[in-house]
Amino acid sequence: MSATSAPITPEVFLVAIKDLELEQLHAEAARLQNSLYHLARSNIALQEFQNDPVLKEAIDDNEATIQRQRQRVQMIVEEIQRRGFPTDHIILGNAVNAVNGEGGSADTRLGGGQEEEGDSMVIARPESPARVREEEEAHADGQREGGVYL
């Protein structure tokens, strides 16, 4: 975010989404969820460098953005519900779970905040860069040995 611009306020966002069609609300919720995933992924990758003041500031900025975007997804869900449509297909909250199902924990929170009652957003937790490299190397070794990875 540049120093001269600021995100719109929750009040302005709420007014803006009231004029959107249902498909547009779903598209905006999906865009925000994608952004939340990538912000969480970025923060996980940056955690190993949190002693660097510049990167610590980036983590903090990401955390603030995560909180704002989570609030916006909730506002979209409430607007869809106000219109009488179901929202059980929209993922809410702030738990981060492992992508591969190994050891994912609802105790790992996006934004480091406390989970609010009724707040159950699940965002796939990205693999650490080191783990991705290990898996890529294992895959490459398997290819050299004639193994097949699917």
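K18 is partly exposed, with 40% relative accessible area (partly exposed lies between buried, under 20%, and exposed, over 50%, using a 1.4 Å probe and protein chains only). The side chain of K18 meets that of E79 in a salt bridge, with 3.3 Å from N to O. This is a predicted model, in which local features need pLDDT of at least 70, side-chain atom pairs count only at pLDDT 80 or more, and totals for chains, interfaces and linings use all residues. Residues are numbered from 1 along each chain as its sequence is written, and side-chain values use heavy atoms, with hydrogens and water left out.

- The structure holds five salt bridges (a salt bridge is a side-chain nitrogen of Lys or Arg within 4 Å of a carboxyl oxygen of Asp or Glu).
- Helices are DSSP runs of H or I with at least four residues, strands are DSSP runs of E with at least two, and both are numbered from the N terminus.
- E79 counts as buried, at 2% relative accessibility.
- E79 also forms a salt bridge with R82, where the closest N and O atoms are 2.6 Å apart.
- Because E79 and R82 are three residues apart in helix 3, about one helical turn separates them.
- R82 counts as exposed, at 53% relative accessibility.
- A further salt bridge joins E79 to R83, with the closest N and O atoms 2.8 Å apart.
- R83 is partly exposed, its relative accessible area being 26%.
- Through shared partners, salt bridges join K18, E79, R82 and R83 into one network.

**Helix 2**

- Helix 2 (residues 22-46) has 25 residues and reaches 36 Å from its first C-alpha to its last.
- That reach is close to the 36 Å expected at 1.5 Å a residue, the expected span being 1.5 Å times one less than the number of residues.
- The buried residues of helix 2 include L25, E28, L32, S35 and N43.

**Confidence in the model**

- The protein chain averages a pLDDT of 73, and 58% of the residues score at least 70 (pLDDT is the predictor's confidence in each residue, from 0 to 100).
- Confidence is highest in helix 1 (residues 10-18), at a mean of 96, and lowest in strand 1 (residues 95-98), at 38.
- Over residues 94-127 the pLDDT is below 50, and this stretch has 77 contacts in the model beyond near neighbours in sequence (a contact means heavy atoms within 4.5 Å).
- Where pLDDT is low, the predicted coordinates should not be read in detail.
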